Structure formats: C-alpha cells, structure tokens
Amino acid sequence: MTHAMLKGSNVPLEATTVRAVLRWTPGQEAPDVDVSALLLGSDGRVRSDEDFVFYNQPRHPSGTVWRLGKKRVTEGLTDTIQTDLAGVEPGVGRILLVASADGVPFDRVPALCVLLYDAAVADGEPLARFDIKPETGAETALICGELYRRGEGWKFRALGEGYSNGLKGLATDFGISVDESEAAEPPAEPVASPPLPPEQPTSAVPSQPPAYGYPQPMTPPAPPAGDPYFRLPPQGPQFIGR
C-alpha cells in the first residue's frame, strides 16, 4: 500500500535499501530537473564536500548513496537516487533529497512528485508518494524530503521546502564549500592586429605604385576548456552553470 503523504508527515521504513524517484511531466516550458542528496551529520551539516551526491559526483565514497540517472517513463521523466540505509555510516543522521531546476522556477515544472520504493522488490508499488507543490513557485531548488534515523530504524519525512537561489545556495546553507573564484570563465585576451609594413619611400615620379600590406583576419583563440557543472575539491564544488 502506498502512503499518500502531506507536507510535514512521515512514514517508517522497513526496507533496508530505498529508491527515491523524482518524477515530473516534461513540456516546452518545463526545465530539466536534477535530483541530489546531502548526507548530514548530527549538527545538521555535511561533514565534508564528499557528502554531496549530485550530477557531477554521482556516488558517495561510502558506496551507500548513489544516482541511478534519468529515465523516460509513461508518466513523464524521472531522476533517481538509491540509498542503502543499512550501510549508511553512523555519523550520518539525515539524508536530504533535493530537486534543482537550473535557475528556472519550479512553477514551470508540472506534476512534480517524489516516490519512495523498496529497491529489493522488483516492480513493487511505491512505499510512499509526495506530490510537491512549491509555496511561491519562484523556488529554483527544493528539499523534497528527508530520510532520517529514528531509534534503530529509518523514516521518511515529506518537506517541500524551497530555495530561490538554486542548488548552490541550498548546498552552501548545509556546509558545502562552493568556490566562486571561477564562477565564470575568464574572457579571452584581445588579439592585437599585426602592424602594417613600413611605408615605402616616395619620389616625385614613382617608378611603380607603392606596395601596401593588409592585416590577415585573425581567428580568436578557443575559450579555455571548463567543466560546465560544479568542480569538486580541492577547492570544493565550483558552480559554473548546468
């Protein structure tokens, strides 16, 4: 039986490995959506930048949280994160499930929901479903829900909390070091035109027309190669744009 969840409600999880599926309906105005996860310690913050699982770091070093990637299904598009709850390190008390829309507000994302499955059951019904309705519509990142410890077990809580400053702002709030020193690629240095050749000496009656040189068209250098996403340590993730 699938638990239809309201914002703030929670449900206990008996599954040891859960699959969180973010699903939405694509459309001409709808942006692409990405799912991420942040593993938080007892202080409510990440222990290091490695606790951020997202499109440029798709697997946690512990191997317990990883992205499965995007799929097209009958109901729309999905992006999925799977978590081995039984293997999560004791220092992790909460795992946030996050959606981001690359700077486009979530009021353009139709039928956004998160579905929680028992990963050990093939083709099983969702354990829980939460239809996410942004509070203002201007949010560009959302905490869809969280997996959290309760005693010896785990629970899932539906949240739907939004951020207007995107995934970078959300990640920074929870302790991710975002290096903005390379937030944009530096512009290419201007290329000087070659000098004209020296003028030929003239006389009252030149024996032949003077020769003039013309600068050849120059091809601007290719911009420096760069990762179009975040760059990871040593400086921490660097947000350049999705």
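Student: How many bridges join strand β11 to strand β12, and in which sense do the two strands run?

Tutor: In this predicted model, nine bridges join β11 (residues 141-150) to β12 (residues 153-163), and the two run antiparallel.

Student: What makes β11 and β12 a pair?

Tutor: Two strands pair if there are at least two bridges between them. Nine bridges join β11 to β12, so by that rule they pair.

Student: Where does the helix come in the order of elements, counted from the N terminus?

Tutor: The protein has one helix and 12 strands. From the N terminus on, the elements run β-β-β-β-β-β-β-β-β-β-β-β-α.

Student: What is the strand order of the sheet with mixed pairing?

Tutor: That open sheet of six strands has the order β1-β10-β9-β3-β7-β6. Its edge strands are β1 (3-5) and β6 (65-73), each pairing on one side only. Neighbouring strands in this sheet are turned by 20° against each other on average, direction ignored.

Student: How do you know that β6 and β7 pair?

Tutor: The rule asks for at least two bridges. β6 and β7 (residues 76-84) have eight, in the antiparallel sense, so they count as a pair. In one of these bridges, K71 has T78 in β7 as its partner.

Student: Why is R23 called buried?

Tutor: Buried means under 20% relative accessible area. R23 has 14%, so R23 is buried. R23 is found in strand β3. Leaving out residues up to four places away in sequence, R23 touches V73, E75, L77, T78, A111, L112, C113, L115 and R129.

Student: How far apart are R23 and V73 in sequence and in space?

Tutor: They are 50 residues apart in sequence and 9.1 Å apart in space, C-alpha to C-alpha. Across the protein, residues 24 or more positions apart account for 67% of the contacts with a separation of 6 or more.

Student: How much of the protein is buried?

Tutor: Buried residues make up 41% of the 242 residues.

Student: Which residues touch the most other members of the largest nonpolar core?

Tutor: Of its 37 residues, L22, I95, L147 and F156 do. Strand β3 (residues 17-24) gives the most to this core, with four residues. A second, separate core of 18 residues includes L40, A141, F174 and I176.

Student: What does L147 touch?

Tutor: Apart from residues up to four places away in sequence, the contacts of L147 include L13, V18, I95, L97, W154 and F156.

Student: What makes the largest cavity count among cavities of 30 Å³ or more?

Tutor: About 40 Å³ of space lies in the largest cavity. The structure holds one cavity of 30 Å³ or more. The lining of the largest cavity consists of A20, L22, V35, L97, V98, V114 and C144, with β3 and β8 each supplying at least two residues.

Terms used:
Residues numbered from 1 in each chain as written. Predicted model: local features only at pLDDT ≥ 70, side-chain atom pairs only at ≥ 80, totals over all residues. Heavy atoms only, no water. Core = buried A, V, L, I, M, F, W, Y, C linked by side-chain atoms within 4.5 Å. Buried < 20%, exposed > 50% of the residue type's maximum accessible area, 1.4 Å probe, protein only. Contact = heavy atoms within 4.5 Å. 1 Å grid on protein atoms, 1.4 Å probe; cavity = no way out; pocket = protein on both sides within 12 Å on 5 of 7 lines; lining within 4 Å. Points joined across faces, edges and corners; volume = space filled by probe spheres on them. Axes fitted to C-alpha atoms, helices over the stretch in contact; angles between N-to-C directions.
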